[in-house]
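Subject: Structure handover

Hello,

I am passing on the structure below, with notes on what was found in it. Please keep the notes together with the file.

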Amino acid sequence: MLHGFLSELKKARRRHDLLLIAGTALVILAWVAYSLRGMGVQDRAQGFSGLFYVMPTVNTIVLSVVTAVLASRIWDVENRGNTCKLLFTLQSRASLYGGKILLGAAELLLLCVLELAGIFALSSWLQFTQPLDTGRLAWLFACTFVVSMALFFLSLCISMAFAAQAATLAVGLGGALVGLFSAFFPPPLGYLTPWGYYIALSAMGYTWDEATRVTTYLPQPLPVGLLCVVAALAAALCALGGLLIKNREV
C-alpha cells in the first residue's frame, strides 16, 4: 500500500493537486468572510458561533463538488487509454486502491487543516471578541473530514463504475444542490442525503428577533450518533470501492 501511495503522490504532483486544495480552502474562507462581513460589536461577541453556523453550509456547496473532482482526477488516469490491465500487472489491485484512498485522505485532511488555520485568521481579521470553544472547533474539524471522506469514497465508486468521469462530476454538482436544500427537510428525510451531512452535523442553531433584527446563535447538542453513522457509511463505501476494483474486468 505504501508503494501505491508513493506512486499516487507522483501523479498528484503532475496534476497540481495542491493548487486545487489551496484554492478550495481560499474559496471557502472567502465565502465565509463575505457572509460575516459588516459585523457590529454584538455580532463580534458571538463571532465564532456565527462562523460555526455558516461554515457547514458553505462546505456543503463547495466540498460536495470538490470531493467529486478529487475522486475523478485520482481515478481518471486509469480510464485514459484503458490502462488498468497494464497497472494490474505492475502492482496488486489492493495496492493500487489503497494508494488512492490514502492520497484522497491525505489531501482532504490537508484541506481541513487549512480550513482550521483559516478560522484563526478570520477571527483575528474580523476581531471576534467571543472566546473560542475548542471543543466545537474540534467537532467542526472532525465532521468536515468524516463527511468529506464519505463523499470521496462515493465519488470514487462512481468513477470506477463509469468510464465517463462526467457522471461523477454530475453527481457532485447535483449533490451540492440536494445537500443545500436538505437543510429544509424534516430530520429523518434530510438524513437520506449524504451531501447534507455537513449541515445535519452542525452543532449550532440560531434565533431571529424580527423586532430588533438581531440574530442570536444557540449551541446545540453534538449529534455524536449521526457522526458515527456517517463514519460507518464511509467505511462501507470504502469497502464497496475495494470490491469494485477487485471484480473489475480488464
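The structure holds zero disulfides, a disulfide being a pair of cysteine sulfur atoms within 2.5 Å. The sulfur of Cys238 has its closest cysteine sulfur in Cys157, 8.3 Å away, which is too far for a bond. Cys112 is buried, at a relative accessible area of 4%; buried means under 20% relative accessible area, exposed over 50% and partly exposed in between, with a 1.4 Å probe and protein chains only.

This is a predicted model, in which local features need pLDDT of at least 70 and side-chain atom pairs count only at pLDDT 80 or more, while totals for chains, interfaces and linings use all residues. Residues are numbered from 1 along each chain as its sequence is written, and side-chain values use heavy atoms, with hydrogens and water left out.

Next, the core. A nonpolar core is a set of buried Ala, Val, Leu, Ile, Met, Phe, Trp, Tyr and Cys residues joined through side-chain atoms within 4.5 Å. The largest one has 57 residues, and Val32, Leu51, Phe153 and Leu201 have the most contacts inside it. At least two residues of this core come from each of helix H2 (17–35), H4, H6, H7, helix H10 (197–200) and helix H11 (224–246). Helices here are DSSP runs (H or I, at least four residues), numbered from the N terminus. Leaving aside residues up to four places away in sequence, Val32 touches Leu51, Val54, Met55, Val58 and Leu122, where contact means heavy atoms within 4.5 Å.

Then the cavities. A cavity is a set of points on a 1 Å grid over the protein atoms alone where a 1.4 Å probe fits but cannot get out, and lining residues have an atom within 4 Å of a point. Points are joined across faces, edges and corners, and a volume is the space filled by probe spheres set on them. There are two cavities of 30 Å³ or more.

The largest cavity holds about 130 Å³ of space. It has 13 lining residues, of which Pro56, Trp139, Leu140, Ser202 and Ala203 are the closest to its centre. Helix H4 (47–79) and helix H7 (134–161) each supply at least two lining residues, and H7 gives the largest share, five.

The second largest cavity holds about 50 Å³. Its lining includes Met55, Cys112, Leu140 and Thr144. Helix H6 (93–125) and H7 each give two or more residues to this lining.

Regards

Terms used. On a 1 Å grid over the protein atoms alone, a cavity is a set of points where a 1.4 Å probe fits but cannot get out, and a pocket is an open set with protein on both sides within 12 Å along at least five of seven lines; lining residues have an atom within 4 Å of a point.
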